Amino acid sequence: MWTRRRVIFVGVTGALAAGAAVVLPRLRTSGAAPAGAGLVVNHSDMLRAVALALLGPALAAAGPPRDAQIDSVLKACAALIDNLPASTRREIGDLFGLLAIKPARALLGYGGDWPGADDKAVNVFLAGLRESSIGLKQQAYFALHDMVLGSFYADSATWGATGYPGPPKLA
Amino acid sequence: MFVDPIKEGLAKGWLHIDASQLGKDAVLEADVCIIGTGAGGGIAADVLSSTGLKVVMIEEGMLKTSSDFRMLESEAYPTLYQESASRKTADKAINILQGRTVGGSTTVNWTSSFRTPAATLKHWRERFGLTDLTDEHMAGWFKLAEQLLSIADWTVPANENNSVLERGGQKVGVKVERIRRNVKGCYNLGYCGMGCPTNAKQSMLTTTIPAALARGAVLVSRARADRLLWQGSRVSALECTAMRGSGYDEGAARVRVTAKHFVVAGGAINSPALLLRSKVPDPYGRLGRRTFLHPSLISGAEMGGKVEGWSGAPQTMYSDHFLDAQPVDGPMGFKLEAAPVHPVLYAISVNGMAEHHRMRITNMTSTQVMIALCRDGFHPESEGGTVKLLADGFPQLDYGLNRYFFDAAKRAFLAMAEIQFAAGAKEVFPVDERIDGYRNWAEAKAGLDRLDLRPFSTRVASAHVMGGCAMAASDKDGVVNGFGRHHQIENLSVMDGSVFPTSIGANPQLSIYGLTWRNAARLAGEMRRG
């Protein structure tokens, strides 16, 4: 039976699929895979906004130290992307591309701009992705979550607050 | 300083080719070409070379050895794991930890050693016609591997992360036992997953591969096996592409290996993928099918005191209570173990973001992590996943999570929460995006009973990939026979976890060692007789 909820679900996924077809002609095809540094530079405003929202109180107060923390995260994200297979790099490129286009990201749940984005609005957007029943949205949330949080806590400078002393010294 | 026996051996003239450094194409000739250097490839290389056969080992990952292992996640994941430790199923609902380095997953596993459970072998005999695989027959092969790899009881006191499982289990009547480990002179550091810096772990990297190299075997690292060239019922050569950097970028050179026999040991996912790319005969459509993961649930517990789950042997306690509670082909059973707690793995495993995530991370010191590994592949509703090839030939595992699995997941969350609270947990947080945490057992029971577990929201992980080139007596049911010999191609064997026709129901390394030893010894005998 076609309930209202089902119709909305199909409508949204249909629109997403159509959007993806227009915006992302490369989806699921072969070809040169994007490099991490290029992807991160081209989408640094988005990644910065998402990192600020995901990390929240883990970061220093606004200012140069926090900017340096975010720069480190972005650098680590670029290195991570470079160590992934071409197909995954293309998918990440597609996701970043989708988030770069205002109407496309509005369909995903965020119609605002990335530079100077409000942390709370980005948190609401990310929570919407996470709680969605649409696979593409959930995939987007977990990709950003794992990439940003994993990159942040890979840095020994972040361990102090976690109580983790780092690896033991070997004689 | 610790000695690095591999670097010393290389200095003495062991034959290693880093294909990423090749300036031109290379052609190698051998009696046996072994593709992959993990649990299967390592044992096969040792057994075959010990009979005088000339062996070439092909490995896609890098050769990293003890002096490279600095116990840092930031270095270990990109250099030692498939897809930087973020390999995922096709829909991305399951994260897979799998090795990609010389020694394969044995270089980065947590050393847990179990013989293949009797119930698993019995199912294989009855369902797949593998009538030789009795407990008595296999015991001899397991014993050989146990002796070679110093697999023994671990008598050092468990760390608190594992003690919680033991203590809580005792309180609720769940039998918890000690895990045997493949270590010699272990420093109890807790960094097995990042490569053992002291060579205490008796992985393939420190045992069988050096033994083969000392006999003149050739190791080629950073070479991706692209395809086997075959005609009629024989393979003539393996074609490889040299890699560059630490990731997946291709280098310029090609490597070609000709041999009398080819042993595929790339591990589940990569082994069936190589055979799919090679378009070897698959008349009954078995290749890549029935790939299993032990899909696993994670439950965190705030213990209110020091746990320091990064320190000490990572896995020393287990419970099979919930595997033994029902028939192997009944409702899905699960094995309980602990999992180590390091910043990156913990940060990506724990749910939530911003304040919630930060709260969890700042309490990492007092956090215990328990996992439930579900035994897949024994029930009609647990057919596992299918390995497919993307347009560029890269493999992807399509593995769906259905109601049969989530029924077990719910029981696993309940079991872990009850044990964690019984051990004194102040809060338990089964890892699902909708669970903030439960303050007592009654609250956990009520909350979990109400929750409809589902993909993505419920975090599911795997560290054990099995199947895809299943062994079976009949070619209608499997890719290889009980000795790992390909049903259609006569000089082709598969010797790794991909031959298992179901999951194991236990951490699989010793199952791979024992079965491979048996099958490689038989192959060596046949080749010696000509």
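This is a predicted model: local features need pLDDT of at least 70, side-chain atom pairs count only at pLDDT 80 or more; totals for chains, interfaces and linings use all residues.
Strand β1 of chain B, residues 15-18, pairs with β10(B) in the parallel sense, over 4 bridges. Strand β3 of chain B, residues 55-58, also runs parallel to β10(B), and 3 bridges join the two.

Now the faces. In a regular strand, side chains alternate between the two faces of the sheet.

Next, another sheet in chain B. Three strands form an open sheet in the order β6-β9-β7, with antiparallel pairing. β6, at 112-113, and β7, at 151-152, stand at the edges, and each has a single partner strand, so one side of each lacks a neighbour in the sheet. Between β7(B) and β9(B), the latter being residues 180-182, there are 2 bridges. One pairing to look at is Ile151(B) with Asn182(B) in β9(B).

On to the nonpolar core. In soluble globular proteins, nonpolar side chains tend to be buried together. The largest core in this model has 219 residues. Which members touch the most others? They are Leu55(A), Phe96(A) and Leu126(A) from chain A, and Leu48(B), Leu228(B), Leu238(B) and Leu275(B) from chain B. Helix α13 of chain B, residues 403-422, gives the largest share of this core, with 13 residues.

Take Leu48(B) as an example. Setting aside neighbours within four places in sequence, its contacts include Val32(B), Ile34(B), Leu53(B) and Val55(B). Further along the chain, Leu48(B) also touches Val263(B), Ala520(B), Leu523(B) and Ala524(B).

Last, chain A. What is its secondary structure? It comes to 8 helices and 0 strands. Of the 171 residues in chain A, 46% are buried. Counting contacts between residues at least 6 apart in sequence, 64% join residues at least 24 apart. Chain A exposes about 7,900 Å², and carbon and sulfur atoms supply 62% of that area.

Conventions. Residues are numbered from 1 along each chain as its sequence is written. Chains are lettered from A and ligands numbered from 1 in the order in which they are written. Side-chain values use heavy atoms; hydrogens and water are left out. A nonpolar core is a set of buried Ala, Val, Leu, Ile, Met, Phe, Trp, Tyr and Cys residues joined through side-chain atoms within 4.5 Å. Buried means under 20% relative accessible area, exposed over 50%, partly exposed in between (1.4 Å probe, protein chains only). Contact means heavy atoms within 4.5 Å. Accessible areas come from the Shrake-Rupley method with a 1.4 Å probe; for residues, only the protein chains shown count as cover. Two strands pair if DSSP finds at least two bridges between them.
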